[in-house]
Amino acid sequence: MSDLVMLLTVFVLAIFVGFEVITKVPPTLHTPLMSGSNAISGITVIGALILAGAIDSPQVSRILATVAVAFATVNVVGGFLVTNRMLKMFSERRK
Amino acid sequence: MLSQQVVNLVYLVAAVLFILDLKWMAHPRTAVRGNRAGALGMALAVAVTLLSGRHDWSLILIGVAVGAVIGAVAAMRVKMTAMPELVGLFNGFGGAASVLVAGSAVIAAVASATADTGLQMRIATVASAFIGSVTFFGSYVAFGKLAEFLAVKWKLHPWQRVVKYGFSLVVAVGCLGYAAAVPGAWPAWLVALCGLAISGILLVRKDRFPGMDAIKMVAALAALAVAVLVVLDPGDEPLFWLLVAVAGILGVILTLSIGGADMPVVIALLNSYSGLAAAATGFVIDNTVLIIAGSLVGASGIILTTIMCKAMNRSLVNVLFGTMGPGADTPADDEIYRTVKATTADEIAMILDGAQRVVIVPGYGMAVAQAQHAVRDLATALEGRGTNVEYAIHPVAGRMPGHMNVLLAEADVPYEALVEMDDINPTMAQVDVAIVVGANDVVNPVARTDPKSAIAGMPIIDVDKARTVVVIKRSLSPGFAGIPNPLFASDNALMFFADGKKAILDLLAAVKEL
């Protein structure tokens with residue numbers, strides 16, 4: 001199996017898994033779902049890290065990747081923290 | 001240094017943790033655990049990436065530190081009412097990161113003679129840059145419209161002016177500076193032109209202007225053409241930035257014309273794009289964890305978009321390209337509102353005194369008035385008198401999916417008390433008093449009765465079937481749909497004209513005096 005076909009397989013299957021899992025999330029949690037999935041989309045940070053740290057790359061490439069690291073980190077850190085803040089409000093019950 | 005196989009295995013673990021995160025989101029009890037699982041997955045993926053290969057950490061540390069501080073401060077300080085703005089902004093950051101990673105990867109690949117610039121990488125780079133740029137500029141516009149500084153006529157706060165003019169200035173100067181730095185290349189000059197166009201359009205003080213559809217068409221076709229050129233010659237760097245710039249115009253125009261009522265759809269859609277951009281970036285750098293995480297988010301955004309569209313009985317195409325205005329032959333407001341009855345807090349308190357079952361219907365007005373805590377206090381007071389209180393939540397109430405639920409959760413309303421539209425409607429006839437706080441279109445019975453109305457067929461909460469409806473509203477002004485609401489004038493409806501929070505507090509005082 002070529003690399004491209006393998007990657008496409010992963011892509012399509014992951015979309016199906018996503019559909020299955022997310023249809024079960026109740027409307028009450030749709031806002032935390034959005035901010036949480038936003039944090040997950042900050043996974044771009046992986047690509048940014050690889051490129052920002054690549055020693056042999058041209059300086060321009062590494063600087064662009066560093067800015068990408070900053071953007072994606074905002075997504076990851078901010079996304080998970082704000083989701084946690086919201087979800088705690090849902091789970092802390094009134095006595 | 002870790003072998004590539006170990007790295008890929010850890011990526012697999014991270015991907016499983018992301019799926020568990022979303023799976024555990026299915027219930028408020030397990031959702032906190034889910035979010036932690038996702039964060040753990042992200043930490044593992046980052047750690048294993050840094051431990052593999054030879055890295056120069058200097059730039060990485062700067063990027064991570066800056067991003068982490070901004071993200072943490074934003075997450076801790078944001079008000080729950082401003083959650084749509086924050087999510088909009090974060091969507092944009094995701095899009096920007098994808099564009100920059102694709103750009104960086106292209107430059108690195110072209111510089112190194114050995115690297116692969118095959119068809120997969122070329123197409124993925126184009127997709128990443130295009131979707132990422134549409135997401136970034138679209139999200140900025142969505143943020144600007146939610147924070148009410150873009151496409152508005154009124155006077156702006158100083159911070160709004162700084163952001164609005166600052167952003168336009170940075171885009172214009174950045175693009176002109178780029179053109180000056182790359183002399184002689186025609187795409188670079190077009191980048192400058194696009195930059196000026198974007199910054200100009202962002203300064204327009206209304207959401208629709210003549211020639212908008214033409215710009216939309218030209219930008220879409222131009223983006224397609226430039227995309228083909230980039231695939232043919234990925235080494236032409238100015239061409240890559242031209243693609244980003246043209247896609248940026250498209251993102252701005254597409255989002256600018258979308259009305260306030262459709263904001264939940266747009267935010268959900270941009271959420272989906274930010275995921276798809278990440279997945280495309282995964283194809284650029286041959287990385288499975290990016291592809292899996294990106295497609296999960298893409299799927300999530302698409303599902304939310306569909307739910308929002310259904311809740312407004314509109315197609316996605318109609319939201320993106322259509323208009324929503326008053327129907328052809330709407331009767332004059334005066335005629336409809338002839339029989340409106342205004343009421344006072346004391347009168348409502350008397351009615352509530354005998355009520356067994358009360359339903360509160362919150363809308364965006366409750367968020368604007370920051371009335372969620374007052375509403376909770378009123379509900380507690382009523383429950384103390386033996387009344388059963390529930391909240392009926394319309395899927396598009398507020399400005400993003402689940403907006404009302406978050407606000408009420410912030411006010412310690414237990415989630416069991418929040419009832420979805422489809423569950424509450426069949427029992428609406430047994431409700432003694434329905435209290436509508438800052439909602440309008442989502443309780444407009446015209447959606448059921450008048451097939452020619454702008455909101456015909458949109459599912460609504462049937463408050464008109466309750467024995468008494470109390471509508472708390474500042475005036476009889478129309479909602480986002482711009483049409484009058486005959487509910488306000490019906491026999492069982494009472495209007496309480498006041499600011500949402502003050503009205504609820506007055507009502508609370510009156511109930512306590514009973």
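1. In which helix of chain B is B:Val252 found? B:Val252 is found in helix α9 of chain B, which covers residues 237–256; here helices (H or I, at least four residues) and strands (E, at least two) are DSSP runs, numbered from the N terminus. With a relative accessible area of 0%, B:Val252 is buried, where buried means under 20% relative accessible area, exposed means over 50%, and partly exposed lies in between, for a 1.4 Å probe and protein chains only. Leaving aside its neighbours within four places in sequence, B:Val252 is in contact with B:Phe137, B:Val141, B:Ile198, B:Ile201 and B:Leu202, a contact being heavy atoms within 4.5 Å. The C-alpha atom of B:Val252 is separated by 14 Å from that of B:Leu269, which stands 17 residues apart from it along the chain.

2. A word on the basis of this note. This is a predicted model, in which local features need pLDDT of at least 70 and side-chain atom pairs count only at pLDDT 80 or more, while totals for chains, interfaces and linings use all residues. Residues are numbered from 1 along each chain as its sequence is written, chains are lettered from A and ligands numbered from 1 in the order in which they are written, and side-chain values use heavy atoms, with hydrogens and water left out.

3. The next points concern chain A. Chain A has four helices and zero strands, and from the N terminus on its elements run α-α-α-α. The radius of gyration of chain A is 18 Å, well over the 12 Å that the globule rule gives for 95 residues, so chain A is more spread out than a compact globule; this radius is taken over C-alpha atoms, and the rule is 2.2 Å times the number of residues to the power 0.38. Along its principal axes, the C-alpha trace of chain A spans about 60 × 35 × 15 Å.

4. On the burial and surface of chain A, 60% of its 95 residues count as buried. Among contacts in chain A between residues at least 6 apart in sequence, 65% join residues at least 24 apart. Chain A exposes about 3600 Å², of which carbon and sulfur atoms supply 71%; accessible areas come from the Shrake-Rupley method with a 1.4 Å probe, and for residues only the protein chains shown count as cover.

5. As for charge, chain A has 7 positive and 4 negative side chains, and the centres of the two sets lie 22 Å apart. Lys and Arg count as positive and Asp and Glu as negative, whereas His and the chain ends are not counted; the place of a charge is taken as NZ of Lys, CZ of Arg, CG of Asp or CD of Glu.

6. Turning to the strands of chain B, strand β1 (residues 357–362) is joined to β2(B) by four bridges, and these two strands run parallel; two strands pair if DSSP finds at least two bridges between them. In β2(B), B:Glu390 is the bridge partner of B:Val359. β2(B) also pairs in the parallel sense with strand β3 (residues 418–420) of chain B, over three bridges, and in β3(B) the bridge partner of B:Tyr391 is B:Leu418. Five of the six residues of β2(B) (residues 388–393) are buried, so this strand is largely enclosed by the rest of the structure.

7. Strand β5(B) (residues 468–473) has six of its six residues buried, so it is largely enclosed by the rest of the structure. B:Thr468, B:Val470 and B:Ile472 point one way from β5(B), while B:Val469, B:Val471 and B:Lys473 point the other way, and all are buried. Strand β4 (residues 433–437) of chain B pairs with β5(B) in the parallel sense over five bridges, with B:Val433 standing opposite B:Thr468. Five bridges also join β5(B) to strand β6 (residues 493–497) of chain B, and these run parallel; in β6(B), the bridge partner of B:Val469 is B:Ala493.

8. B:Thr135 lies in helix α5 (residues 119–146) of chain B and, at 0% relative accessibility, counts as buried. Not counting residues up to four places away in sequence, B:Thr135 touches B:Asn91, B:Gly92, B:Gly95, B:Leu270, B:Tyr273 and B:Ser274.

9. B:Glu148, in the loop between α5 and α6 (158–181) of chain B, has phi near 60°, a positive value in a residue other than glycine, and is partly exposed, with a relative accessible area of 34%. B:Gln370, in the loop between α15 (364–368) and α16 (372–384) of chain B, has a positive phi of about 50° although it is not a glycine, and is partly exposed, with a relative accessible area of 30%.
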